[in-house]
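This report looks at the protein as a whole and then at two of its residues. Please have the sequence and the 3D view open while reading.

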Amino acid sequence: VVDKSGGNNDGHLYMVWTANGLAEKKTEGLDIYYTRSTDGGKNWSEARVLNDNESTESHQFYPSIAVNDKGTLVVSWYDRREDPNNLNTLYYMTYSEDGGDTFVADFPVSTEASDFSVIGSKNGNFGIGEYTQTLATSSFAIPVWADGRTNDGNIDLYVAIVPLDGAGGVVNV
């Protein structure tokens, strides 16, 4: 994503992806990696892991990224850190107000976990795929994700509205 805010980080490029290491496998689990370029893509910062969980075996995957008109960078993803069996999945996010130098501690925006061993069982086992998106207004992050929290094989779409003023609180709709 490109920062088009007109602020201090205007023109910076930001990228996120899922991996278990860079040049070699570092963990059994998957992490959300982040990097940025401040010179139009000629050079990129050293990639770093955004998810701040301690487990190296849990999976975090399918990240989505957005930058609002104030230059706030928002990242969201599926996260299994709370399940030692690596099946029950919540949707998490974090954000940065300083061009990606630092990020707030990541937090869940979904209120209930989905058991990924049954997602899609009512539609020929067609899973959730990468059907996520993060939107960002001047004041709110709006993560959107597919979720099977009923754990009966159905998949529904969920949205959260997250204030970007540091006050906390998530409104799920």
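A polar contact is a pair of N or O atoms within 3.5 Å; within protein, one atom must be able to donate a hydrogen and the other to accept it, and residues adjacent in sequence count only if both atoms are side-chain atoms. The model is predicted, so local features need pLDDT of at least 70 and side-chain atom pairs count only at pLDDT 80 or more, while totals for chains, interfaces and linings use all residues. Residues are numbered from 1 along each chain as its sequence is written, and side-chain values use heavy atoms, with hydrogens and water left out.

**The whole protein**

The protein has twelve strands and zero helices. Both are DSSP runs numbered from the N terminus: helices are H or I runs of at least four residues, and strands are E runs of at least two. The radius of gyration, taken over C-alpha atoms, is 16 Å, which agrees with the value near 16 Å for a compact globule of 173 residues. The globule rule is 2.2 Å times the number of residues to the power 0.38. Along the principal axes, the C-alpha atoms fill a box of roughly 45 × 40 × 30 Å.

Of the 173 residues, 46% are buried. Buried means under 20% relative accessible area, exposed over 50%, and partly exposed in between (1.4 Å probe, protein chains only).

**Residue N51**

N51 sits in the loop between β3 (48–49) and β4 (60–67). N51 counts as buried because its relative accessibility is 5%. Contact means heavy atoms within 4.5 Å. Not counting residues up to four places away in sequence, N51 touches D31, I32, Q60, W77, D79, R81 and D106. Two of these neighbours, D31 and Q60, also make side-chain polar contacts with N51, as the table lists.

**Residue D3**

D3 lies in the segment before β1 (13–19). Is D3 buried or exposed? D3 is buried, because its relative accessible area is 1%. Leaving aside neighbours within four places in sequence, D3 is in contact with N9, D10, G11, H12, Y14, V67 and G71. The C-alpha atoms of D3 and P63 are separated by 18 Å, and these residues are 60 apart along the chain.

| Side chain | Partner side chain | Distance |
|---|---|---|
| N51 | D31 | 2.8 Å |
| N51 | Q60 | 3.1 Å |
| D3 | S5 | 2.6 Å |
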